[in-house]
Amino acid sequence: MASLFTNPAIIPVSQLTSTNPTRFLLYYNGTTATKAPSIRSTKSSTPFTTIFCSATRRPEYIPNRIPDPHYVRVFDTTLRDGEQSPGASMTSKEKLDVARQLAKLGVDIIEAGFPAASKDDLEAVRMIAKEVGNEVDENGYVPVICGLARCNKKDIDASWEAVKHAKRPRIHTFIATSEIHMKHKLKKTKEEVIETARSMVSYARSLGCNDVEFSPEDAGRSDREFLYQILGEVIKAGATTLNIPDTVGYNMPNEFGQLIADIKANTKGIENVIISTHCQNDLGLSTANTLAGACAGARQVEVTVNGIGERAGNAALEEVVMALKCRGDQVLGGLYTGINTKQIIMSSKMVEEFSGLHVQPHKAIVGENAFAHESGIHQDGMLKHKNTYEIISPEDIGLHRSNESGIVLGKLSAEESSDDKQNSIAVDTGSNDDSDFFVKRPGFSGRHALRSRLLELGYDIDSKDLDDLFWRFKAVAEKKKNITDDDVMALVSDVVFQPQVVWKLGDVQVTCGTLGLPMATVRLIDANGEEHIACANGTGPIDSAYKAVLLIVKVDVTLLEYSMNAVTEGIDALATTRVLIRGENNHISTRSSGQSGEILHRTFSGTGAGVDIVVSSVRAFVNALNKMLGFNNQAGAKSNTRNSRVSP
């Protein structure tokens with residue numbers, strides 16, 4: 001990696017000497033690239049973690065230039081590309097909540113959606129632009145709000161209509177440039193593609209948008225000389241950012257890095273724009289390719305929270321950001337971002353719940369096993385010094401463990417760490433007494449203690465949701481002796497991260513077994529507070545309960561997926577249920593991944609939690625129905641279908 005340090009202003013930490021563990025902060029006295037960074041050292045118990053000035057300072061936002069050459073803009077496309085994941089769906093309110101969280105996270109650009117897809121999508125992006133796109137913090141930070149558009153006037157008009165209300169609006173337009181895409185999908189010649197790209201970038205600028213991003217779709221498989229040509233033309237037409245996508249996740253890191261370097265060296269006018277990367281994860285290389293692109297000169301990275309996206313997903317924001325934070329000074333040439341990493345866990349949990357896409361336990365950074373250590377050898381090392389097996393402090397991403405060492409006792413645990421069992425795996429306990437929640441704190445009510453612990457876990461919940469959550473906690477505590485952090489997080493998901501209530505579950509009672517026909521009785525409460533009761537038979541208790549719910553709600557749906565997991569070990573563990581449904585009226589919108597306007601059938605997910613698995617299952621089903629019915633009420637199924645068929 002020696003080539004990364006050709007700039008004499010950058011000093012690798014490995015070349016510095018110190019007798020004590022230190023962390024180094026790199027900061028600039030000015031914004032010009034010619035000034036060398038000053039270096040300050042501070043005492044730290046974590047010598048392997050480097051914190052950059054991005055936590056307190058962010059370069060001035062200029063669409064086509066970054067004053068600090070080592071700053072990397074983070075372009076989050078969770079609400080656009082991420083929502084195209086199979087099974088993912090968010091309501092407009094959920095999208096707004098996610099956008100607010102992304103602003104707390106500190107992303108530079110929020111790609112809020114594909115406005116031409118449907119009236120609902122346009123309204124969601126417009127709402128985000130008006131609200132999140134105008135919330136300027138005390139440091140002058142406000143995220144850019146971006147809308148995606150294919151290279152046609154209707155898409156670009158819709159995008160501008162949605163984002164123009166933001167303080168910093170951006171239009172992102174794209175057209176395919178690989179031979180296979182131009183021949184089989186677009187059915188256009190190279191000359192036609194260049195003219196379309198040039199004219200549409202120019203058209204976007206003519207609307208009054210001074211921040212226009214252009215993407216040559218499938219750039220990773222495109223002819224290099226053709227890429228240089230089309231990129232040069234869109235630069236002349238007014239593009240401010242050139243995004244280079246590895247659309248199908250085909251490239252190797254060395255290939256993609258070389259692609260960025262070649263574009264930087266051979267494209268006329270490239271010094272007047274920002275180079276960006278957008279890497280898919282089809283071969284599991286999206287993060288590696290993104291970092292390779294940044295090392296080669298890209299200064300914007302397009303990512304999603306939890307790596308969600310089409311097919312195998314996108315480069316994960318948390319992986320790219322923490323790689324830059326952890327190794328940026330040592331092997332990545334001093335690159336850094338403006339992300340507030342302490343908001344990573346909250347962002348991950350919110351996206352997981354709203355999208356309905358669970359994070360696998362071994363997922364880097366945000367998976368539940370990312371900071372868990374079951375092997376006896378690892379446990380022994382962790383008890384002696386955390387840095388033996390943790391290169392990132394969990395607190396740096398907003399994760400606070402009640403089990404300080406992150407140790408999980410299991411079949412791989414060895415005897416040498418078992419002596420410390422009482423100290424290292426003590427769990428938080430709940431009680432029916434309001435004054436005795438988790439730990440006794442003088443002057444604290446149960447709600448105060450609950451809120452305090454929630455803040456430590458990264459959840460900032462308003463008073464109404466806190467009240468609802470507290471009563472759910474008390475109900476669970478009556479049935480479950482020990483309440484762990486995992487239980488609390490499951491209850492947060494079940495109470496806070498839920499759609500607007502159209503129907504509320506009152507009661508459910510089932511009879512089942514080998515001696516009779518399963519039957520369920522369900523009581524639901526509508527938005528006006530009126531109670532509705534129905535009974536139904538089915539093949540089992542959950543099938544019976546779902547049929548009873550549908551008798552009340554009076555809609556036709558297809559259950560596509562059903563899954564259940566225990567939150568913790570033990571026979572009294574909370575169960576979390578996830579369902580995926582599709583309405584029979586087939587809510588559709590236009591897919592943004594191609595010029596031909598493919599149609600996407602919307603699905604709606606729901607989650608629920610409870611000690612009783614039937615109750616948990618019904619909660620999840622009702623929540624999915626609420627999401628679907630809320631979508632209907634907001635956009636109107638007929639209007640949504642009519643407006644979703646957008647011409648290319």
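A word on terms before the first pair: an axis here is a line fitted to C-alpha atoms, for helices over the stretch in contact, and angles run from 0 to 180 degrees between N-to-C directions. Helices are DSSP runs of H or I with at least four residues, strands are runs of E with at least two, and both are numbered from the N terminus. This is a predicted model, where local features need pLDDT of at least 70 and side-chain atom pairs count only at pLDDT 80 or more, while totals for chains, interfaces and linings use all residues. Residues are numbered from 1 along each chain as its sequence is written, and side-chain values use heavy atoms, with hydrogens and water left out.

Start with helix α1, residues 92–105, and helix α2, residues 119–131: they pack at an angle of about 35°, with axes 9 Å apart. Which residues meet? From α1 come Ser92, Lys95, Leu96, Ala99 and Arg100, and from α2 come Asp120, Asp121, Ala124, Met127, Ile128 and Glu131, where contact means heavy atoms within 4.5 Å. That set divides into five nonpolar, one polar and five charged. Ala, Val, Leu, Ile, Met, Phe, Trp, Tyr, Cys and Pro count as nonpolar, Asp, Glu, Lys and Arg as charged, and the others, Gly among them, as polar.

α2 also packs on helix α3, residues 153–163, at an angle of about 35°, with the axes 7 Å apart. Here Leu122, Val125, Arg126 and Ala129 of α2 meet Ala158, Glu161, Ala162 and Val163 of α3.

Next, helix α4, residues 179–186. His181, Met182 and Leu186 are buried; buried means under 20% relative accessible area, exposed over 50%, and partly exposed in between, with a 1.4 Å probe and protein chains only. They cover an arc of only 95° around the axis, so they sit on the same side of α4; the arc is that of the directions from the helix axis to the C-beta atoms. On the other side, Glu179, Lys183 and His184 are exposed. What do the buried residues of α4 pack against? β6 (169–176), α5 (190–206), β7 (212–217) and α6 (224–237). Just after α4, Lys187 has a positive phi of about 55°.

Last, Thr290, in helix α8, residues 286–295. Thr290 is buried, at a relative accessible area of 0%. Its side chain reaches the backbone oxygen of Ser286 at 2.7 Å. Leaving out residues up to four places away in sequence, Thr290 touches Thr277, Cys279, Val301, Ala315 and Val320.

Note on methods
Polar contact = N/O pair within 3.5 Å; in protein donor to acceptor, adjacent residues only side chain to side chain.
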